[in-house]
Amino acid sequence: MKCPNALTLHIMQGRRWASCLALAWLLGVSATGIAWAGVEQDYKAAKSSYMRITTSRTLKKYRDQWDRVRDQFEKVQKKYPQHPRAADSLYMLGQLYENVYRVSYLKSDLDQSIEYYRALAKRYPKNRLADDALFYVGKIYQKRNRKTEA
């Protein structure tokens, strides 16, 4: 058996180092993938609950049903603020409160909707939904005859 020379040892150590880096990268990517899978699962559950309420004549009458869905979307946007689903959740919260208003006729529900839409536009100005959120803010102000704010 031949003894390895210095160059061969250096190459072997380099390969080991590269293997360690590759393993660390894979572990990091898989941990991120697991976290992103969690956000998708949470968001889809919230969206499913939202759709269930909006299509049910009975459920949409009860504020506690809306509150549960609100909590689900809030969880997504607070737990994963860097993920695109955080912006999606703020948008859905704005939509949610517009729907609640259609049942409650409370101006405070429209105010809450405006707050969520504005939060989306402020926190995620480059997100594809930011301009949609501002559009809905304008529509709400127009409905309320506050055209100067629209």
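User: Buried means under 20% relative accessible area, exposed over 50% and partly exposed in between, with a 1.4 Å probe and protein chains only. How many of the 21 residues of H3 are buried?

Analyst: This is a predicted model, in which local features need pLDDT of at least 70 and side-chain atom pairs count only at pLDDT 80 or more, while totals for chains, interfaces and linings use all residues. Residues are numbered from 1 along each chain as its sequence is written, and side-chain values use heavy atoms, without hydrogens and water. Helix H3 is largely enclosed by the rest of the structure, because its buried residues number 16 of the 21.

User: What span does helix H3 reach from its first C-alpha to its last?

Analyst: Helix H3 covers residues 84–104. The expected span is 1.5 Å times one less than the number of residues. Close to the 30 Å expected, H3 reaches 30 Å.

User: Which pattern does the protein chain follow along the sequence?

Analyst: Helices (H or I, at least four residues) and strands (E, at least two) are DSSP runs, numbered from the N terminus. The protein chain has five helices and zero strands. Read along the sequence, its pattern is α-α-α-α-α.

User: Is Glu74 buried or exposed, and which residues does Glu74 touch?

Analyst: Glu74 lies in helix H2, residues 63–79. With a relative accessible area of 13%, Glu74 is buried. Contact means heavy atoms within 4.5 Å; leaving aside residues up to four places away in sequence, Glu74 touches Leu93 and Tyr116.
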